[in-house]
Amino acid sequence: MSPLRLSCSRFAASLIALGALAVASPVRADAPALDQDAMRISSAGRSLKWNWTPPGRSDRFGHAETLVHAPLSTVRQLVLDFGRYKELASSITTSRVVAHGADGSTDVYLQMGVMNNTIKFWNVTRFAPLRTEAQGGEVLAGQMVHGKGNIDDSAAVWTMRSAGEGWTVLKFDVLLRPGLPAPQSLIDEQLRDSAMDAVNSIHDRAQGSKDILPYKG
C-alpha cells in the first residue's frame, strides 16, 4: 500500500473511532442557570427592602428579601420556629404558639411595642400549612384571626426557594393595620423596616454571619 493510501486509511480510522466515542459518551448537561434574584441581591451586597401591593391584595405591604448561604432545609426550620418569632424584630416582645388546627395550621400569639413600648399591639396570626409552588419555591402565609387582636388586620408571607447547592433566596411580606390614624409614609417605613429585620434575623442565624456572600450558584 502506498504511503498516501496508508495515511488516508489511518485518518479514516481515526474519524470512525472519534465518532464511536462521541456516540458512546454521555452528553454533558448544561450547567443550571444562576438564580436571578440571588444574583441581584449578591450584587447589591445587602438585603433589599421596599413597599408594594402584592398581586391579589389591596393593601401596601412591607417587603424584604435576602440571600442566605445555607441550605433551604436550614432556612425552612427557622421560618417554621414560631415560638422564636420574637427574635425577628426588636419590636416583637412576645411570640408563642396557642393552637394547632386539624388542617395543619398553627395559631401564633404575637405582641409588639411601638413608640418605646408606650403602645402595644397584639393579635393571633393563623399560619396555613407550608405549601410548595409549581416552580419549586415554598410559601408560608399567615393571616390575623379576626376578633383576636387590638388591631384592624395583620398578615405575613414567607417565600423561600433553593438557589443552588447551599444557597437560599428568602423573601418576606408583612402587613399591619393598627386602626390608628397615621400617615401612610410612616406606616410604609415601619413595615419595610420590620420586613428587613425579619429576613436579616433568619439570614444571620442560618448562615452564621451577617454578610451577603458572593453568589456562585
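Reader: Which residues touch the most other members in the largest nonpolar core?

Author: This is a predicted model. Its largest nonpolar core holds 35 residues. Those that touch the most other members are Val 75, Val 79, Tyr 85, Trp 158, Leu 170, Phe 172 and Ile 202.

Reader: Which element gives the largest share of this core?

Author: Several elements supply at least two residues each, among them strand E2 (61-68), helix H3 (72-79) and strand E9 (168-177). Helix H4 (184-207) is also one of them. The largest share is eight residues, and it comes from H4.

Reader: Which residues does Trp 158 touch, not counting residues up to four places away in sequence?

Author: Trp 158 is among the core residues that touch the most other members. Its contacts include Glu 138 and Lys 171. They also include Val 79, Tyr 85, Leu 170, Phe 172 and Ile 202.

Reader: Which residues does a second, separate core include?

Author: The second core is separate and has nine residues. Among them are Ala 38, Leu 67, Trp 167 and Val 169.

Reader: Why does Gln 111 count as buried?

Author: Gln 111 lies in strand E4 (residues 106-114). Its contacts include Ser 91, Ile 92, Lys 120 and Trp 122. The cut-off for buried is under 20% relative accessible area. Gln 111 counts as buried because its relative accessibility is 18%.

Reader: Which element gives the largest share of the lining of the largest pocket?

Author: About 750 Å³ of space lies in this pocket. Its lining has 34 residues, with Met 112, Leu 176, Gln 190, Leu 191 and Ser 194 nearest the centre. E4, E5, E8, E9 and H4 each give two or more residues. The largest share, nine residues, comes from H4.

Reader: How many residues of that lining are nonpolar, polar and charged?

Author: The lining of the largest pocket has 34 residues. By class, they divide into 25 nonpolar, seven polar and two charged.

Reader: How many charged residues does the lining of the second largest pocket have?

Author: About 190 Å³ of space lies in the second largest pocket. Its lining includes Arg 57, Arg 131, Glu 133 and Asp 173. Arg, Glu and Asp count as charged. Besides seven nonpolar residues and one polar, the charged number four.

Methods. Residues numbered from 1 in each chain as written. Predicted model: local features only at pLDDT ≥ 70, side-chain atom pairs only at ≥ 80, totals over all residues. Heavy atoms only, no water. Helix = DSSP H or I, 4+ residues; strand = E, 2+ residues; numbered from the N terminus. Buried < 20%, exposed > 50% of the residue type's maximum accessible area, 1.4 Å probe, protein only. Contact = heavy atoms within 4.5 Å. Core = buried A, V, L, I, M, F, W, Y, C linked by side-chain atoms within 4.5 Å. 1 Å grid on protein atoms, 1.4 Å probe; cavity = no way out; pocket = protein on both sides within 12 Å on 5 of 7 lines; lining within 4 Å. Points joined across faces, edges and corners; volume = space filled by probe spheres on them.
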